[in-house]
Each structure stands twice: as C-alpha cells, then as structure tokens.
Amino acid sequence: MQAAWLLGALVVPQLLGFGHGARGAEREWEGGWGGAQEEEREREALMLKHLQEALGLPAGRGDENPARTVEGKEDWEMEEDQGEEEEEEATPTPSSGPSPSPTPEDIVTYILGRLAGLDAGLHQLHVRLHALDTRVVELTQGLRQLRDAAGDTRDAVQALQVAQGRAEREHGRLEGCLKGLRLGHKCFLLSRDFETQAAAQARCTARGGSLAQPADRQQMEALTRYLRAALATYNWPVWLGVHDRRAEGLYLFENGQRVSFFAWHRAPRPELGAQPSAAPHPLSPDQPNGGTLENCVAQASDDGSWWDHDCQRRLYYVCEFPF
C-alpha cells in the first residue's frame, strides 16, 4: 500500500505537468505571453511540493503512516480541483479549432481595404474643402461689394458735407448783407455771441466770411457808426480781424495783408492850463500797451477806438462778407 502511494506521488505530478504543459502550448500557439512555459514549470514545482507536504513525505521518499497519506491524498485532490477551476476561469476556453495564420494575400487585401477607406475619407475632405472655398469666394465678393457700397456712401457723405458747407457760406453771406451793413463790395454783420478771437474767426469762415478787416478810414468810420447804433447805450469791445501774433508790433489782417492805418485809443489830454501828468490814466491808458501778452485787436463800440487784448478773451465779434 505504501508503495502504491509512492507510485501515485511520482506519477500524478507528471500527469499534471503534462496537462499544464499542453495548456501552455495552446496558449503559446494562440499568441500568448513568452513566459507562459516558465510560469507553468513554477506552478508544477509548487504543486509537487504541496502534494509531498500533504502526504507527509520527505523530498524523494514516502511516509510510513497510511492514515496521513490518505488525508494528504484528499487534500491534494481538493487543491488540484480548485487549481483547475481557477485556471479555467483565468484562461479563456479556446475555440473548437486554432485560428489559421493570415496569408500574404489576406494581408495585402487588408492593406488595400484600409487604403481604400483612407482614399474615401480624403475624397470627402476634398469635397468639403471645395464647398468651403466656394463659400469663402462668395463671402469675399460680398465683402468687396460692401466695401464698394461703403466707399460710395463715404463719397456721397463728403459731397453732402461740401454742399452743406457751401450752402452755409452762401446763407451767411446773404444773411450778412441782408441783416448787416452793406458798404461797397463788403457787408458787415455783428454777432452777439462771446467767443475767443480764433473761435470768432472760425465761425465767420464757416459762414463764408472772416472777421472784419476795414481797409481804409471810410470803412472804419462806417463800421463805427454801425456798432454804436447796434450796441448803444453800452460800450462793448468787438473783435476785429487784426493781430500781431506773428511779430510784436507787426499788425496784420486775417488775410495776411499789413494794416495801413490805425485807430488806437489815446488817454484824455489835460485841459488847457493844467499841469500834465507823467502817470498814465488808470482806466484808459494809451493803446497798445499789452506787449506780447495782448496780440489781438478789438474795437470799442462807443467811439470806434482800437484796444489790444488777450486773444483768449471772449468778446462780441463782427464778420465781413464779400458782396
């Protein structure tokens, strides 16, 4: 009996090794991992060790106790069944037959199929790109049309602005000659808006004229009478188109011509027999007296005398228009 168990201890591991070796060969044939055989050999050695421990046998010898040998056999059979169940769960059951290796014709067919799919995808991309190119061309043409329309609109707006400016100048000229003073080929019109000298010149220019530029004594006297009548009983300084901004003491009209006569204010002279005073009159000193700080000329509305003022003062102004 003991000899029979020893024979079982030696034969059963060999049978298990054959079964495991067959399964390992199948996995290797199906393309499994390269280390499957080594794993199976380690598992066989571990199973043999467990069997020997279960039978109570030393390495290479049997056991003298038959009862322990029977118990070991039962334990070994249970462990074998459990190992086979775990291996069956871990290893997928192979199909009825091994899958055949692909032939060169199959590989070529597969590659050609993939290339055909890629070609179809490229064709779809080309179709979509063509549609996008067509859309871009349409949008570009629409944008060009919009730019042309915007340019036409801009030109029309500029033409309207030019026409509006021309109409305003013509209206200002007619208004100046109808409401103001007509003198020869000129018309003078007083404005009761307070402006700096530069702003007053700009407003006169926008209405088709400029600040008043009396060319001679006759025009100066006529302008004095017009301002006195318009602003009586007050004395208001009114901007003229005369300045010396270019050089101190060099008085020019707004058109760049040099002033040929002057009507500067002079302080009152002492009465006959009175002692003359060296100090200037505190309220009405001789003009011009502002130096470089006062470079623009205004005319007093009561007596028509000229005064130099700071160009940034805001005063009434009088425009002249050609007739």
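This is a predicted model: local features need pLDDT of at least 70, side-chain atom pairs count only at pLDDT 80 or more; totals for chains, interfaces and linings use all residues.

Gln 287 sits in the loop between strand 5, residues 252-253, and strand 6, residues 296-300. If we leave aside its neighbours within four places in sequence, Gln 287 is in contact with Trp 264, His 265, Arg 266, Trp 306, Trp 307 and Asp 308, and its side chain reaches the backbone nitrogen of Asp 308 at 3.3 Å.

Now let us step back to the chain. Its secondary structure comes to six helices and eight strands, and from the N terminus on the elements run α-α-α-α-β-β-α-β-α-β-β-β-β-β. Of the 323 residues in the chain, 28% are buried, and the accessible surface comes to about 21,900 Å², with 57% of that belonging to carbon and sulfur atoms.

The next element to find on your screen is helix 4, residues 104-179, which has 76 residues and reaches 109 Å from its first C-alpha to its last, close to the 112 Å expected at 1.5 Å a residue. Gly 151, Gly 165, Gly 172, Gly 176 and Cys 177 are buried in this helix, and the buried residues of helix 4 pack against strand 1 (181-183), strand 2 (186-195) and strand 8 (315-322).

Let us turn to strand 6. Five of its five residues are buried, so strand 6 is largely enclosed by the rest of the structure. In a regular strand the side chains alternate between the two faces of the sheet. Here Cys 296, Ala 298 and Ala 300 point one way, while Val 297 and Gln 299 point the other way. On one pairing, four bridges join strand 6 to strand 4, residues 237-243, and the two run antiparallel, with Val 238 standing opposite Gln 299. Four bridges also join strand 6 to strand 7, residues 306-309, again antiparallel, and there Cys 296 stands opposite His 309. Strands 6 and 7 form a hairpin with five residues between them, and Gly 304 in the turn has a positive phi of about 75 degrees.

That brings me to the disulfides: how many does a search of the whole structure find? The search finds three. Cys 177 and Cys 187 form one of them, with their sulfur atoms 2.1 Å apart, and this pair links Cys 177 in helix 4 to Cys 187 in strand 2. Cys 204 and Cys 319 form another, with their sulfur atoms 1.8 Å apart; because Cys 204 lies in helix 5 (residues 197-206) and Cys 319 in strand 8, the pair ties together parts that are 115 residues apart in sequence. The torsion about the S-S bond of Cys 204 and Cys 319 is about -70 degrees, so that disulfide is left-handed, whereas the link of Cys 296 and Cys 311, with 95 degrees about the S-S bond, is right-handed. Cys 296 lies in strand 6 and Cys 311 in the loop between strand 7 and strand 8, so this pair ties together parts that are 15 residues apart in sequence. Counting bonded cysteines along the chain, the pattern is 1-2, 3-6, 4-5.

Technical notes:
Residues are numbered from 1 along each chain as its sequence is written. Side-chain values use heavy atoms; hydrogens and water are left out. The expected span of a helix is 1.5 Å times one less than its number of residues. Buried means under 20% relative accessible area, exposed over 50%, partly exposed in between (1.4 Å probe, protein chains only). Contact means heavy atoms within 4.5 Å. A polar contact is a pair of N or O atoms within 3.5 Å; within protein, one must be able to donate a hydrogen and the other to accept it, and residues adjacent in sequence count only if both atoms are side-chain atoms. Two strands pair if DSSP finds at least two bridges between them. Accessible areas come from the Shrake-Rupley method with a 1.4 Å probe; for residues, only the protein chains shown count as cover. A disulfide is a pair of cysteine sulfur atoms within 2.5 Å.
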